[in-house]
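Morning, everyone. Please bring up the sequence and the model, and we will walk through them together.

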Amino acid sequence: MRRLSTPEPRSWQDDLAAFAGGVERAYLVGAEAQNGAWTAEDSLKELADLCRTLELEVVGRAVIRRGRKDAPFRIGQGKRGEIRQRCQEVRAGTVVVDAELSGSYQRDLQAGLDVRVLDRTQIILDIFARRARTREGKLQVEVARLNYLLPRLAGRWPELSRLGGGIGTRGPGETRLEMERRRLRRRLADLRRDLEEVRQHRELLRTSRKQVPFPLLALVGYTNAGKSTLFNAMTRSEVLVEDRLFATLDPTTRAIVLPNHQQILLTDTVGFIQRLPPQLVAAFRATLEEVAEADLLVHVVDGSHPRWPEQAATVDAVLAELGAGDLPVLTVLNKLDRMPEDAVPHPAAAERAALTISALHGWNLDRLRDRIAQALVATRCRISLAVPYKHGNLLQLLRAKGQVLSEEYGEHGVVVEVEIERTWADRIRHRLATGSA
Ligand SMILES: Nc1nc2c(ncn2[C@@H]2O[C@H](COP(=O)(O)OP(=O)(O)OP(=O)(O)O)[C@@H](O)[C@H]2O)c(=O)[nH]1
Ligand SMILES: [Mg+2]
């Protein structure tokens, strides 16, 4: 078995490269009463999928009891002995815990179990690191990983830190830790600066896209629900589709034409998951927030997943957190081909889902296109606005984004009656009110 209590301190670059290559055998440990209706077993199944995405071979699992739902994740001595023995029997070199651990508890467990211990957050961060393709995606993931690592640096060099005990002295351990922290903070500052540059460039692209008078529709949903498959089917593209979690990280946008000849932009986005690590939400906020700029969301749900209502509720919660909670949503239950024909529909299905489809087989996609066109009509409103002459560009925007019904030229400006997307009406009203034309 691999020894882990190596005295040689690992640098954070080693951590970033921790999974590069090699199949490892992993033993999973979950806790009861995890998250609302999710059972420990459901959550462990998802963790197993996450591990497989990293080519970790799952060779066993255990569930620990927890007194209270919000109690910290702790493995008692007896259970530790059991898990340690199981790991030896199944030759597992890694234990993956279905929780986020503090650095000190992770080290404590590692010593007690005599195997490498990883937590759920690390697994998700590593998947994101592998999946990131664009420069922005890569920078964001690295920021998230460094933010995970920073509070966990202390105690990494226990042999050395102990030397730095005396008042006024700075032992070599402490110095090493401080050095490492400084290095990390400097790196974070560099990354943030690079990100800012990339974002300014993207902001330009976004602004120019906004001049295009097409409604924007974003596909959102739980990871592996079939968003990219649907995106490909509707746009005849070949975005990466995989039976793996978080296949898509970087958003892709394409134009499509609806049956009523209306042209729209469709965006494929990153999937969500329960307990999405906060470091990732923070780092990806800018990308994720673009979802909030859509005119309509199509929420793709994997209807063949036993926990789809919980997955859908998770997606609702993340959307609300991103400020997209009020956008109009069209929910579709996907993977119709996998749903048993005689299954009794889930009570949530009728009230939530507008349509049942199979993105893979192209079933009901015509109906989906019609529903999208209808929903887009419903997102439009008729407004009358007085636009001062100095805001000529807003007048142009109104003409581009909406359908102008009448224009009356007065002394101070033009009174325009227009039919337009609600989101655009709000944006233009806001710009008129603040004078930020
Ligand atoms: N049986 C069946 N499988 C489907 C259907 N739609 C998608 N899939 C499969 O589901 C898996 C995930 O599909 P993706 O399109 O990559 O899912 P996604 O929502 O983009 O996932 P992430 O990018 O990871 O968030 C793939 O193996 C698809 O082939 C469907 O209608 N029926
Ligand atoms: Mg995808």
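Why is α6 largely enclosed by the rest of the structure? Keep in mind that this is a predicted model. Now to the helix. α6 is largely enclosed because twelve of its 15 residues are buried. Buried here asks for 20 or more other C-beta atoms within 10 Å of a residue's own. Among the buried ones are Glu136, Lys138, Glu142 and Arg145. Leu139, Val141, Val143 and Leu149 are also on that list. The helix runs over residues 135-149. From first C-alpha to last, α6 reaches 21 Å, close to the 21 Å expected.

Step back to the whole protein. There are 437 residues, and 36% of them are buried. The secondary structure comes to 15 helices and 13 strands. Look at contacts with a separation of 6 or more: residues 24 or more positions apart account for 67% of these.

Next, a hairpin. Strand β6 covers residues 252-257, and β7 covers 263-268. The two pair in the antiparallel sense, over six bridges. One pair to find: threonine 253 has threonine 267 in β7 as its bridge partner. Five residues lie between the strands, and in this hairpin histidine 261 takes a positive phi near 70°.

Last, the ligand. Which residues come nearest to ligand 1? They are Gly226, Ser228, Asp243, Thr248 and Gly271, out of 23 around it. By type, the shell divides into ten polar, seven nonpolar and six charged residues. Helix α9, residues 227-235, gives the largest share of that shell, with three residues.

Terms used
Residues are numbered from 1 along each chain as its sequence is written. Chains are lettered from A and ligands numbered from 1 in the order in which they are written. This is a predicted model: local features need pLDDT of at least 70, side-chain atom pairs count only at pLDDT 80 or more; totals for chains, interfaces and linings use all residues. Helices (H or I, at least four residues) and strands (E, at least two) are DSSP runs, numbered from the N terminus. Two residues are in contact if their C-beta atoms, placed from the backbone, lie within 7 Å. A residue is near a molecule or strand if its C-beta atom, placed from the backbone, lies within 6 Å of it. Ala, Val, Leu, Ile, Met, Phe, Trp, Tyr, Cys and Pro count as nonpolar, Asp, Glu, Lys and Arg as charged, and the others, Gly among them, as polar. Two strands pair if DSSP finds at least two bridges between them. The expected span of a helix is 1.5 Å times one less than its number of residues.
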